[in-house]
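Today I am opening my notebook on a new structure. I will jot down what I looked up, entry by entry.

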Amino acid sequence: MATLELSRIELPEQIKQFVEQRRGRYPTVKALLVPTLMECQKYYGHVAPEAALAVSELLALPYAEVQSVVSFYTMLLRKPVGKYVIGVCRTWNCQHAGARGLIEHFCERYSCEAGEIVKDGLFTLLEVECLCDCSNAPSAQFIKAGHEFKSWWCNNLTPQVFDAVLTELEQGKEDALRERLVRVEAKANPPDDKRWVWIVTTNNQYPAWVEQKDGEYIAHDGYGKLGSVKTENPKLHAELQGALK
Amino acid sequence: MAKGKPYLQNGVKHECITPVTTLDIDAGIRALADYEAKARYVPEGSAGGYRAAKQALTSMQPAQVIDIVKASGLRGKGGAGFGAGMKWSFVPKDHPGPKYLALNGDEGEPGTFKDRFIMEDCPHRLIEGAIIACYAFGGHQAFCYIRGEFYDSIRRLQAAVDEAYAKGYLGDKPFGADYPMHFTVHTGAGAYICGEETSMLSSIMGERGHPRMKPPFPAVEGLWRKPTVINNIETISTVPAIIDAGAEWFTARGTAKSAGVKVVSVSGCVRNPGWWEVEYGTPMGVIINELAGGMKPGRKLKAVIPGGSSCPVLRENCLDVPFDYEGLAAAGSMLGSAAMIVLDDTVDVVEVIENFSHFYAHESCGKCTPCREGTRWMLQMHQRILAGGGRPEDPDVLYDATQGIEAKSFCPLGDAAAWPVKSAVTRFREDYEKWIALNKLATAEQETTAAQAEAG
């Protein structure tokens, strides 16, 4: 009979703490299985058999049961991926807004297929089902696994913006995934005679009215986010000034 | 419908139609201090977050809370539209063991983007609603199941929960009342099926996200076979306002059978997509043309999928249909999760349905045969039609396939996969016939060329 030969790995302290903090909340420890596997996914970038074994020992569950759960959930990847995982939504709203073109653009740029690791382990593009950000189609999510897990929305993407992000990430620029301006257009059905615009960025679409003060354009939106953009995201501020002229 | 009152659009107040803003998403109230100071239940005053929860726990009987919510006619906003107060009253009162509240934040229906904004921009409203709901049916523990992709929602809701614990609004004695109340954020890992209520319970218990047989209904046997109430995020976030302002305030909005307001998310071929809170009964034309900015210049409306990809497709003549459960049912569709997907005249319905079929084939959990096999067959047929291999009998065969899935699958995912196909082949048969005619033409040409080659 064939036996499973797996090397032992030690789960990082943060995952052990995650489990310990939540044990008391559930009547069975098994309830922690999916969240714990998600923590592994966020830490390692995928759930290798060794990690699944370590989780099965941590939660005192059969290894086969852990693997049955890993194989069910789409986000628990079983193969290694690049440093940045780019999940591009392929469902209709995004597809209609150009997601297919983005995927083809990426595959051409790196001569690859979706799912492959490219650029010396820097990127993996995955086609994912609806990310439920359909007003910002085409929608994509950048994910960086590790000790400090990070995720960014990169929505309303055009091939140009996508290229700019990829190039800056290749150059190792820290703020490559900052909120960027995609376009500004006039708002349909403005509520009054102020200058109403529709500001589309890589995070969101903001209806806002624009005021000119001391030679600068100020966009007023309800989040107050665009009000503080000058100090928080000077590059977006500069892009906005150019577009609002 | 009074014009000139403020409504919300992606966080900005506009002058328009809806007089109610039960959700304080406008100010992006993420911190507890903000919520306590600024949260408003009604535009005309009554400020103060957590006031309703305090009132319920310290001065009301659980039965009173259920009565108010029942009287308000609040219906579940996740899709089925079942009365929230009614659901709570199904929980056996004399059950000796623990009872649970499971909040469904597994927002995954294509077209839907409403719960995320609540979890990210006003998480305390959700926690407050959960406290009130638990108190009403006698639960002490709420689990909020959020889909794994919503990293921001998970982080922000967890931060809000920590704040509420630190302030003593959650814990052993919330608001000084002798009623322990706990709230746990639980993450999913990318499975649409876990938005189905019993699959969500399986997932919370650490299993593959497979649906379970009903009955017993979750209200009697749910998580760990204990009574469990399952509510949508938006439903629960509406509860504090109802407790604060009263049932009449809520029933004054909307229609007789669909009381109150609903967050509708509009996407697709409109100029300004986004979400809005509207009264039930608002005509679809108002939502599409006034709120979402109408169609892009030079385009015409072709079809609307009114409640997310699971709902039957409506033709362009649906603009006068009132946006509520009854109105949409009469028009031959469903309100679902109120995710309106708008298609214009450049869109081919066969391509849309092919895409949705791919979604359902991918997301089918594989437990029952009609759904596991049926979704794949429907996808393969659509792929063949789009690859130029359409046959004259295809629309009828597709219709037949939907009849093999609809109401025969284990859980509603099968219905959700079948309805858009069924409605498309009946209401947009011309789109299918266009592809089939193209194939016929190509085949005829091939035959002519072959015959000529033979003759020559």
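**Overall form.** I first looked up the radius of gyration of chain B: it is 24 Å, which agrees with the value near 23 Å that a compact globule of 456 residues would have. This radius is taken over C-alpha atoms, and the globule rule is 2.2 Å times the number of residues to the power 0.38. Along its principal axes, the C-alpha trace of chain B spans about 95 × 50 × 35 Å.

**Ground rules.** I noted that this is a predicted model, where local features need pLDDT of at least 70, side-chain atom pairs count only at pLDDT 80 or more, and totals for chains, interfaces and linings use all residues. Residues are numbered from 1 along each chain as its sequence is written, while chains are lettered from A and ligands numbered from 1 in the order in which they are written.

**Burial.** In chain B, 59% of the 456 residues are buried (20 or more other C-beta atoms, placed from the backbone, within 10 Å of the residue's own).

**A sheet in chain A.** I found four strands of chain A in an open antiparallel sheet, ordered E6-E7-E8-E9. Strands are DSSP runs of E with at least two residues, numbered from the N terminus, and two of them pair if DSSP finds at least two bridges between them. Strands E6 (181–186) and E9 (216–220) of chain A are at the edges with a single partner strand each, so one side of each has no neighbour in the sheet.

**Inside the sheet.** I saw that six bridges join E7 (residues 195–201) and E8 (residues 205–213) of chain A. A:Val197 stands opposite A:Ala208 in E8(A).

Key. Buried ≥ 20, exposed ≤ 12 C-beta atoms within 10 Å, placed from the backbone.
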